[in-house]
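This report describes the aromatic ring pairs of one protein model. Please view the sequence and the structure before reading on.

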Amino acid sequence: ALPADSPGQADAPPPTVPPPADPPVQEPPVTAPPTQVTPPPAGADPPTQAAPPPTRADPPPTRVDAATVEITVPTGELRQYLFTLFTRLGDDDIPRGRIEGVRDTVDAVRRLDRASREDRAFAEHILGLALIPLGDSIRGVEHLAEAVRLDPLDRYITVLRAHGGGDR
């Protein structure tokens with residue numbers, strides 16, 4: 001410590017203490033003005049509610065490459081599996097996504113090496129029926145014709161003719 005009379009000690013300004021900080025400013029809470037509901041004048045149309053904001057649509061389903069799908073249906077149950085897919089197309093108001101799912105699945109099933117000729121014909125028939133409502137009627141009729149070629153059942157021929165294919 002330096003003696004009180006040492007040079008520089010007496011010339012130093014007294015230490016300063018910063019002034020106390022201002023308390024933080026508190027903003028008043030934000031409140032919406034009160035809503036007044038007034039009835040419409042006599043004879044006027046009742047007020048309508050605003051439409052809800054648009055919702056974001058789900059992205060379209062991605063199409064799976066049928067050549068890369070592994071089907072794990074036992075061979076003995078393949079016909080029942082195909083029949084289940086066929087019945088999914090039977091609704092009057094079938095959602096497009098369901099048709100696309102049937103299309104993609106049947107496309108993979110028809111490529112199975114272990115599928116019998118009859119099962120491949122049934123798969124071609126279902127694929128044709130799925131493509132037509134999706135707007136691909138040319139390919140749909142081609143698959144219906146392939147079903148007849150593989151297994152010329154009367155029901156396949158009737159459907160093919162109903163869609164403008166085959167001999168009339």
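Phe86 has a relative accessibility of 30% and therefore counts as partly exposed; buried means under 20% relative accessible area, exposed over 50%, and partly exposed in between (1.4 Å probe, protein chains only). The model is predicted: local features need pLDDT of at least 70, side-chain atom pairs count only at pLDDT 80 or more, and totals for chains, interfaces and linings use all residues. Residues are numbered from 1 along each chain as its sequence is written, and side-chain values use heavy atoms, with hydrogens and water left out.

Phe86 and Phe122 form a tilted aromatic pair. Rings of Phe, Tyr and Trp (its six-membered ring) pair if their centres lie within 6.5 Å; planes under 30 degrees apart count as stacked, over 60 as edge-to-face and the rest as tilted. Because Phe86 lies in helix H1 and Phe122 in helix H3 (residues 117-131), this pair ties together parts that are 36 residues apart in sequence. Helices (H or I, at least four residues) are DSSP runs, numbered from the N terminus. Phe122 is buried, at 8% relative accessibility.

The search of the whole structure finds 2 aromatic pairs.

| Pair | Centre distance | Plane angle |
|---|---|---|
| Phe83 and Phe86 | 6.3 Å | 40° |
| Phe86 and Phe122 | 5.7 Å | 55° |

Phe83 and Phe86 both lie in helix H1 (residues 78-88), 3 residues apart, about one turn of the helix. Phe83 is partly exposed, at 41% relative accessibility. Ring pairs link Phe83, Phe86 and Phe122 into a cluster.

Key
Helix = DSSP H or I, 4+ residues; strand = E, 2+ residues; numbered from the N terminus.
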